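Take a moment with the sequence and the structure.

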Protein chains: 2
Amino acid sequence: MKFVMPFLVAASMLFSTSLIAKPLNIDVSEFTLKNGMKVVVIPAHRAPVVTHMVWYKVGAADEENRKSGIAHFLEHLMFKGTKNRPAADFSKIISRNGGQDNAFTHQDYTGYYQSISKDRLEMVMELEADRMQNLIILDKDIATERDVVKEERRTRTDNKPDRLFNEQLYAALYTAHPYGIPIIGWMSEVAKLTRADAIAFYKKYYTPSNAILVVAGDVTPEQVLALAKKHYGVLKNSATPGPRVRTQEPKPIAARRVIMRDKRVASPYVTRMYLAPSFLRAKKSEAEALDLLADVLGGGTTSRLYKQFVIKDKIAVSVGVWYSGSNMDSGTFGIYAVPLPGGDLDALEKKLDAFIAQTLKTGITQKELDRSRRVMKAETVYTLDSQASLANVFGRALVGGRSVEHILSYPDRLDAVTLDDIKNAAAKVLKIERSVTGHLLNDKSK
Amino acid sequence: MKFVMPFLVAASMLFSTSLIAKPLNIDVSEFTLKNGMKVVVIPAHRAPVVTHMVWYKVGAADEENRKSGIAHFLEHLMFKGTKNRPAADFSKIISRNGGQDNAFTHQDYTGYYQSISKDRLEMVMELEADRMQNLIILDKDIATERDVVKEERRTRTDNKPDRLFNEQLYAALYTAHPYGIPIIGWMSEVAKLTRADAIAFYKKYYTPSNAILVVAGDVTPEQVLALAKKHYGVLKNSATPGPRVRTQEPKPIAARRVIMRDKRVASPYVTRMYLAPSFLRAKKSEAEALDLLADVLGGGTTSRLYKQFVIKDKIAVSVGVWYSGSNMDSGTFGIYAVPLPGGDLDALEKKLDAFIAQTLKTGITQKELDRSRRVMKAETVYTLDSQASLANVFGRALVGGRSVEHILSYPDRLDAVTLDDIKNAAAKVLKIERSVTGHLLNDKSK
């Protein structure tokens with residue numbers, strides 16, 4: 001309900017580098033219930049609250065043809081009644097109990113979470129287990145909720161040129177893989193989603209063996225396991241979703257460009273995204289090297305790009321470089337620059353080209369590498385300081401096919417990255433035929 | 001079998017303008033059998049031969065997610081045995097009887113045809129009706145035929161940079177509609193097509209109510225109808241395919257570009273395609289206006305573009321403009337120019353931009369319009385001079401949702417086009433945000 005996890009730079013950056021450091025001594029317990037549902041518990045005793053999340057191994061990239069938006073639409077419908085609570089409003093129950101809740105649909109997963117006082121954990125589990133199997137999807141809710149989603153699309157995408165621009169960039173970057181289709185769906189298809197579509201999707205994917213429970217907070221693994229057995233362990237599987245096979249992106253062979261002009265654009269900018277390996281598919285050290293490279297090149301005001309473009313040459317007011325590797329099948333490595341008002345995007349792009357060519361030629365320095373490593377470890381600690389982040393980071397990794405070990409070893413893997421790894425990863429990824437370059441312009445732009 | 005109807009300029013041009021002129025006095029008889037199968041007969045008595053075609057209202061654009069290439073793969077399998085002729089090789093039987101046969105898969109349809117002595121028409125019908133319902137798809141044929149298709153893809157696409165480039169252009173032009181997916185399929189998906197996929201596709205779509213029989217040649221409607229009743233009329237429907245709904249292309253909002261560099265490219269060139277209405281979806285006179293406009297601008301050596309770029313300015317060795325409107329959901333209007341050896345594509349594109357801007361500003365002249373009208377009517381006559389073309393033109397139109405009347409009225413509709421129609425159609429279609437611009441380069445290009 002409420003929001004689609006935006007398939008955007010900002011959201012991707014927030015967690016892509018936010019993996020846990022061993023020195024934190026975070027205990028993670030994993031169990032598998034008899035029905036195949038996975039249970040992950042991360043004790044965190046600072047406050048008497050818990051974060052309860054259920055993650056389904058299904059997202060927008062698993063949708064069928066002509067049904068774009070169904071994963072997100074179903075997420076909305078999950079907040080209606082169940083057989084046991086026909087008139088219930090899920091969020092109201094949580095809120096009456098002093099909690100907060102929300103949900104999000106992503107390309108690879110769909111997640112539901114509640115943050116609540118620890119004595120209400122069982123209540124939340126009962127509610128969440130109930131709607132995993134007993135959801136009622138009423139005809140009358142379909143039209144209403146479809147209108148809500150359509151309005152959401154209008155407000156959050158169609159009325160925002162930068163979001164529309166992003167949709168176009170992803171559509172051009174992925175010629176075949178469904179990551180090129182927006183999570184919220186194409187309007188023409190959202191408008192046609194039916195009750196039958198929602199029920200079929202629910203039955204196929206909302207089943208215990210396709211779900212991961214993550215609880216972080218003031219609890220013990222034993223407590224959570226006992227409650228999970230009681231509420232989730234008794235559920236029967238409604239289907240076997242099978243392996244997650246999406247259309248593979250063919251080998252990229254042509255540089256793509258997207259030039260969008262919209263009079264509502266306040267700040268024109270130039271951006272480029274390269275297809276990059278995801279954490280899940282990357283070879284040894286590749287993803288970590290890209291993480292570090294992105295930080296050295298464009299992570300904040302001490303980065304190379306910022307110092308050169310904003311401070312020294314004064315040709316941009318804002319710049320950035322990111323690596324987003326947490327999607328299952330493919331990641332992106334991106335760069336952007338916002339020129340001074342009235343600045344020419346073609347000229348700025350040429351400067352970016354030169355900047356990238358220089359990077360490929362000379363690589364980065366050991367000092368830069370060491371500094372970024374420190375920064376990223378610190379960021380990891382910072383991100384995991386909140387209970388919600390803990391549950392989020394682990395849930396997200398596990399639902400996307402990575403392991404607890406993979407997360408816990410992140411600091412060590414950062415340590416293992418050499419200057420050669422960085423150079424190799426850059427040479428592999430920063431090829432123009434792997435990329436889409438975008439210019440977002442307004443009616444005053446040249 | 002044998003070839004995929006290439007989703008390319010050349011093939012599109014061949015028939016998009018090739019509709020029949022009334023003065024030819026071509027009789028077209030239409031019947032519908034009780035099982036819903038349509039029968040179209042076009043007598044043509046010049047030689048004692050017939051062209052027999054069966055068209056199925058299913059093509060690559062109707063494929064399910066992750067099954068790209070299944071329409072074409074099934075087309076291959078249709079040449080294996082049937083329950084009644086387990087070991088038969090369809091093409092060998094035709095060839096032993098002095099005939100020729102082939103088949104083609106398109107985005108919107110799949111067609112099978114035989115050209116043979118008229119006394120063998122019944123034999124051909126029996127064979128074609130047999131494989132419409134009694135096809136045997138053996139496990140042993142799957143792997144073999146999949147390898148054949150994969151090799152076909154390697155030979156005809158992967159080893160041909162211009163074909164690969166075309167794939168990239170269509171993938172960029174269509175952000176959502178399946179016309180952006182190649183007919184032959186993505187290699188990774190072709191490699192995974194199974195016997196079950198082929199059987200499901202066959203059962204769903206190869207059924208009389210989804211088929212159109214077209215017979216042209218030295219026959220009478222009565223003869224063909226009697227034979228059709230006997231051989232096709234007795235078939236039962238295996239499924240109801242339902243309406244043909246594809247993902248709609250959202251309103252185009254961003255100019256796209258594809259820059260592909262491949263050392264195998266002999267002649268670099270620049271091209272641009274605009275999304276244009278199809279004959280089926282166009283408003284009155286729009287498609288005909290685009291047909292005429294394309295001819296005036298770039299149809300041959302007397303066209304504006306040729307005269308300016310090749311003869312006068314000597315900046316190109318070859319140029320062309322085309323309108324392809326025969327696909328059901330969407331057409332394209334395109335332009336290309338091949339520079340002199342070593343010529344700069346950016347400079348050439350700027351000249352094309354200026355050429356298009358000039359066209360939009362001044363339109364074309366009445367003299368040009370009249371001349372092209374005459375040319376296109378003559379081309380229509382020429383195209384329909386062969387029996388195979390007759391069957392092809394009518395079959396193709398009918399299988400794509402157009403009517404016999406729509407075809408017969410083509411010359412009249414050409415006559416009705418005014419200079420204003422041309423101007424309006426140009427203004428509607430020739431917008432940069434509706435387009436993809438491509439540069440195909442080699443390693444010697446700048």
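How many residue pairs are in polar contact between chain B and chain A? The count is 11, with both residues at pLDDT 80 or more. A polar contact is a pair of N or O atoms within 3.5 Å; within protein, one must be able to donate a hydrogen and the other to accept it, and residues adjacent in sequence count only if both atoms are side-chain atoms.

Some ground rules come first. This is a predicted model, in which local features need pLDDT of at least 70, side-chain atom pairs count only at pLDDT 80 or more, and totals for chains, interfaces and linings use all residues. Residues are numbered from 1 along each chain as its sequence is written, chains are lettered from A and ligands numbered from 1 in the order in which they are written, and side-chain values use heavy atoms, leaving out hydrogens and water.

Back to the interface. Chain B gives 28 residues to the contact, and chain A gives 28 residues. Contact means heavy atoms within 4.5 Å. Together the two chains bury about 2700 Å², with 51% of it on carbon and sulfur atoms. Buried area is the accessible area (1.4 Å probe) that two parts lose on being put together, summed over both. On the chain B side, B:Arg66, B:Trp186 and B:Ile253 lose the most area to chain A, together 21% of what that side buries.

B:Ile253 sits in the loop between α9 and β7 of chain B. Helices (H or I, at least four residues) and strands (E, at least two) are DSSP runs, numbered from the N terminus. Beyond its neighbours within four places in sequence, B:Ile253 touches A:Leu164, A:Gln168, A:Met260, A:Arg261 and B:Glu433.

Side chains of opposite charge can pair when their charged atoms come close. Two salt bridges are counted between chain B and chain A. A salt bridge is a side-chain nitrogen of Lys or Arg within 4 Å of a carboxyl oxygen of Asp or Glu. A:Arg66 and B:Glu64 form a salt bridge, at 2.7 Å from N to O.

The structure has 60 salt bridges over all chains. Among them is B:Lys230 with B:Glu122, whose closest N and O atoms are 2.6 Å apart. This pair links distant parts of the chain: B:Lys230 lies in α9 (residues 221-231) and B:Glu122 in α4 (residues 121-133), 108 residues apart.

Now look at helix packing. In chain A, the axes of α5 (residues 139-158) and α6 (residues 161-173) come within 6 Å and cross at roughly 90 degrees. That makes α5(A) roughly perpendicular to α6(A). Axes are lines fitted to C-alpha atoms, for helices over the stretch in contact, and angles run from 0 to 180 degrees between N-to-C directions. Roughly perpendicular covers 65 to 115 degrees. From α5(A), A:Arg153, A:Arg156, A:Thr157 and A:Asp158 meet A:Arg163, A:Leu164 and A:Glu167 in α6(A).

Helices α10 (residues 286-298) and α13 (residues 366-383) of chain B pack at about 105 degrees, with axes 9 Å apart. α10(B) and α13(B) are therefore roughly perpendicular to each other.

Terms used. Parallel < 35°, antiparallel > 145°, perpendicular 65-115°, else oblique.
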